[in-house]
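Dear colleague,

I am handing over the structure below, together with some notes on what was found in it. Please read the notes alongside the model.

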Amino acid sequence: AHQNKMDCFSILEKLGKTDSEKFVHGAINDMCGKTGLHYEDYTKLLSLSDYTKLKSSLEKITRKVSRQSIEKQTVTKTLLEQGAGADLAQLIAECLWVRKEEIREQLAKDSCNISQAYLSDFDWRLKLVMSSDKLGSIQRPVLDLDLDISEGGHKRREQLELTKEELETLLSSLDAANKVVTQIRT
């Protein structure tokens, strides 16, 4: 694994500063689901094997380093320890630092995608029910909660109508689940 990282760094150094920076940003774009790298742009500089190895290694390095920290000094130090030259480590660290929010968002999305179904968005409205067909005057608050669930590339909407008591039960269940997740992480 260490040899692959060193190969990655030597391939990247062959590209020169401008093309290296462009390649690193392209790899980050690919990782974040945006239009990124195209081999056609590098056919004169890299073999297909080197291109594929470099792209894969950069994504792994980006994910690993970004999980730890995206502070420039920490990233630079980690990259130097993995065999990158000083200039290259600085260049990669700068690229990651500039895009740190995007990378963090993508890592969070990737974490959410561990499950087949995940909450992609929600919306809520508070209504005051004034009466019903059985009672002339109720005046009770009701929360309408719309949950957008993504599963396998498809979205579905779950709509809930909750009384105050049902909302409190839901919130305490979510709080308990959050505590379990927090315990698992530590």
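**Aromatic pairs**

The structure holds four aromatic pairs, where rings of Phe, Tyr and Trp (its six-membered ring) pair if their centres lie within 6.5 Å, and planes under 30 degrees apart count as stacked, over 60 as edge-to-face and the rest as tilted. One of them is the edge-to-face pair of F23 and Y42, at 4.9 Å centre to centre with 70 degrees between the planes. This pair links distant parts of the chain, since F23 is in helix α2 and Y42 in the loop between α2 and α3 (48-68), 19 residues apart; helices (H or I, at least four residues) and strands (E, at least two) are DSSP runs, numbered from the N terminus.

Please bear in mind that this is a predicted model, in which local features need pLDDT of at least 70 and side-chain atom pairs count only at pLDDT 80 or more, while totals for chains, interfaces and linings use all residues. Residues are numbered from 1 along each chain as its sequence is written, and side-chain values use heavy atoms, with hydrogens and water left out.

Both F23 and Y42 are buried, a term that means under 20% relative accessible area, with exposed meaning over 50% and partly exposed in between (1.4 Å probe, protein chains only). Y39 and Y51 form an aromatic pair that is also edge-to-face, with 5.2 Å centre to centre and 65 degrees between the planes. Because Y39 lies in the loop between α2 and α3 and Y51 in helix α3, the pair ties together parts that are twelve residues apart in sequence. Y39 counts as partly exposed at 23% relative accessibility, whereas Y51 is buried, with a relative accessible area of 7%. Ring pairs link F23, Y39, Y42 and Y51 into a cluster.

**A glycine in helix α2**

G26 is also placed in helix α2 (residues 17-31), and it counts as buried because its relative accessibility is 7%. Leaving aside neighbours within four places in sequence, G26 is in contact with G36 and L37, contact being heavy atoms within 4.5 Å.

**The sheet**

Three strands form an open sheet in the order β1-β2-β3, with antiparallel pairing; two strands pair if DSSP finds at least two bridges between them. The edge strands, β1 (117-129) and β3 (154-162), each pair on one side only. Between β1 and strand β2 (residues 140-151) the antiparallel pairing runs over twelve bridges, and L119 stands opposite I149 in β2.

**Salt bridges**

The count comes to 15 salt bridges, each being a side-chain nitrogen of Lys or Arg within 4 Å of a carboxyl oxygen of Asp or Glu. Among them, the side chains of E81 and K77 meet at 3.9 Å, N to O; these two residues are separated by about one helical turn, because they are four residues apart in helix α4 (residues 72-81). Both E81 and K77 are exposed.

Another salt bridge, also 3.9 Å from N to O, joins the side chains of D146 and R157, linking strand β2 with strand β3 across eleven residues of sequence. D146 counts as buried at 5% relative accessibility, whereas R157 is partly exposed, with a relative accessible area of 48%. The side chains of R156 and E158 meet in a salt bridge of 3.1 Å, N to O. Finally, salt bridges that share partners join D123, R125, D146, D148 and R157 into one network.
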